[in-house]
Structure formats: structure tokens, C-alpha cells
Amino acid sequence: MQNKIQQAVIAGIAATAVMTVVIFIGGAMGMPKMSPPDMLSAMMGVSVIVGWLMHFIIGIIFAMGYVFFLNNWLKKIHNKVLKGATFGMAVFIIAQIAIPILESIFGTGNMPQPEGSMALLLTGSIVGHVIYGITVALMVKPEIRPVKQVVS
């Protein structure tokens with residue numbers, strides 16, 4: 001059985017990959033084109049390879065947050081898809097808070113400007129993060145707690 005760290009790393013990589021594919025497919029279908037690795041690399045002034053690496057590291061960090069904290073906090077939600085969607089919305093909200101903070105630290109010099117409707121951009125971002133959350137929730141095994149035996 002995988003331990004929590006292994007689960008988080010595997011789920012984080014897989015969920016980030018799924019989210020990224022969905023974002024790119026959405027861009028090909030008329031949604032505003034988004035590229036988190038390009039945005040990260042431009043913001044930090046590093047190569048796009050580092051942007052990709054950071055994109056997946058962030059996905060792993062959020063998955064660790066789910067595995068170690070949110071999975072237990074959301075234990076009243078028994079449906080994994082609903083639990084994952086809730087987690088994905090939390091990740092989306094955190095991203096909306098973090099982006100302006102990162103922009104104030106690193107600046108926005110070479111950042112690609114979003115194209116198209118801001119409403120569609122936010123919708124695409126919400127969908128991507130919810131899909132990320134659902135993927136993490138579906139991949140993480142529930143914590144099995146030992147049953148206490150009553151000795152009489």
C-alpha cells in the first residue's frame with residue numbers, strides 16, 4: 001500500500017497533467033488560451049521548462065494539502081467527486097489570491113496577457129481546477145483507521 005506522500009506525489013502529477021490537457025483542449029475549442037507553465041516562467045523570468053516544473057510542483061503541493069489535511073476535514077462528504085470538486089474550488093480560490101501576490105513579488109513584465117472574455121477565462125480556470133480536485137480525490141485512498149477491540 002502506498003503511503004500518504006507517495007499518494008500525494010502520484011495524484012498531484014496525474015491531476016496536474018489531466019488539468020493541463022483539459023486547459024489545452026479548451027483553448028483549441030474556442031475557450032481563452034491559458035498556459036500556466038508559460039505564465040509561471042514569464043512571471044519568474046525563467047525558462048519555460050522551469051515553468052513546467054513549477055506547475056507540477058505546485059500540483060504536488062496542493063495534492064499533499066489534500067492528502068494530509070483536507071481529506072480528513074471533508075470526511076462528512078462521502079461522494080469522492082463532490083469532495084474533489086470542493087477541493088478544486090478551494091484550489092481555484094487560493095490561486096486567485098496567490099496570483100496577485102506573486103505578481104507583486106515577481107512583477108508582470110513578460111507575462112502573457114489573457115485573450116478573450118474574462119468570464120470565459122474564469123470559467124475555464126474553475127473547470128480546470130475542479131477537474132484537478134476530482135482527479136486527486138479519486139486517486140487518493142481513504143485513510144483506514146484500525147478498529148479498537150473491546151476486551152471483556
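Along the sequence, the chain follows the pattern α-α-α-α-α. The secondary structure amounts to five helices and zero strands; helices (H or I, at least four residues) and strands (E, at least two) are DSSP runs, numbered from the N terminus. The model is predicted, so local features need pLDDT of at least 70 and side-chain atom pairs count only at pLDDT 80 or more, while totals for chains, interfaces and linings use all residues. Residues are numbered from 1 along each chain as its sequence is written, and side-chain values use heavy atoms, with hydrogens and water left out.

Of the 152 residues, 34% count as buried (under 20% relative accessible area, 1.4 Å probe, protein chains only). The accessible surface (Shrake-Rupley, 1.4 Å probe) comes to about 9300 Å². Carbon and sulfur atoms hold 72% of this surface. Among contacts (heavy atoms within 4.5 Å) between residues at least 6 apart in sequence, 78% join residues at least 24 apart.

The largest nonpolar core has 16 residues. Such a core is a set of buried Ala, Val, Leu, Ile, Met, Phe, Trp, Tyr and Cys residues joined through side-chain atoms within 4.5 Å. Tyr 66, Phe 87, Tyr 132, Val 136 and Val 140 touch the most other members. Helices H1 (4-28), H3 (48-73), H4 and H5 (118-139) each supply at least two residues of this core. H1 gives the largest share, five residues. Leaving aside neighbours within four places in sequence, Tyr 66 is in contact with Asn 71, Lys 83, Phe 87, Val 136, Ala 137 and Val 140.

Definitions and conventions. Buried means under 20% relative accessible area, exposed over 50%, partly exposed in between (1.4 Å probe, protein chains only).
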